[in-house]
Amino acid sequence: MNEENEKKKAKVDVGSPEVFDDAWTELTKDWQAQPTPNTDINALVKRTKRRTQGAKFCFCLNIIVTLGLVLAFLYGVYDGQWGEIINIYLGFGSALSIIFVYFETKIRIATWSQLTDSPEKAIENAMAICESSIKYLLISKVSIFPILPLLNWFLYSIGQTREGSALWAYLVANGIMLVMYIILDFLYRKRKQEYQHLMQLNTA
């Protein structure tokens, strides 16, 4: 009789709210102790640093290319041996490149100024870099549209001074620009999806 009472009591104890609360507390502690979130944060920090370094490299490269175009244009105008067509092409190309670098500078400086080395800000830093990439890819896509008429005008003008058809030059040049736009648009959409995912993590 006493043994049956002990079994009933044990069943009641196991099913009591206090036991469930203790079990839930232990389960919560075990889940919080898992190493996966720390690993994800470390990977996120490394990816953010890698993308920041890549952005700085692209920024420096764009500045160098812009300076090269400006110097080539000034030299062509001063020397006068390259001809009017090339000088016009370099002049407009330099202007477009300067405008592009101007907007890129505003985007990059605004982003880099808010980055910190704190692991607690890993998601916020990743969101800032991702948003910067989205804006950079957007102006890169937009910049193709003024480049296309300038490029085709240049090919047409050069073709008028030479014998033979310039069809292949048109196809190759415009084909390259089309591929570039497709790649930029793909990366743009990918970064937007990534930004949405980071926003969900940040608000979780």
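A: Glu-104 and Arg-108 are 4 residues apart in helix 4, so about one helical turn separates them; helices here are DSSP runs of H or I with at least four residues, numbered from the N terminus. This is a predicted model, in which local features need pLDDT of at least 70 and side-chain atom pairs count only at pLDDT 80 or more, while totals for chains, interfaces and linings use all residues. Residues are numbered from 1 along each chain as its sequence is written, and side-chain values use heavy atoms, without hydrogens and water.

Q: How far apart are the closest N and O atoms of Glu-104 and Arg-108?

A: They are 3.7 Å apart, in a salt bridge, meaning a side-chain nitrogen of Lys or Arg within 4 Å of a carboxyl oxygen of Asp or Glu.

Q: Is Glu-104 buried or exposed?

A: Glu-104 is buried, with a relative accessible area of 0%. Buried means under 20% relative accessible area, exposed over 50%, and partly exposed in between (1.4 Å probe, protein chains only). Arg-108 is buried as well, at 5%.

Q: What does Glu-194 pair with?

A: Glu-194 forms a salt bridge with Arg-47, at 3.4 Å between the closest N and O atoms. Glu-194 is in helix 6 and Arg-47 in helix 3, 147 residues apart.

Q: Changing topic, which residues does Leu-198 touch?

A: Leaving out residues up to four places away in sequence, Leu-198 touches Leu-44, Arg-47, Ile-123, Ala-126, Met-127 and Cys-130; contact means heavy atoms within 4.5 Å.

Notes. Helices (H or I, at least four residues) and strands (E, at least two) are DSSP runs, numbered from the N terminus.
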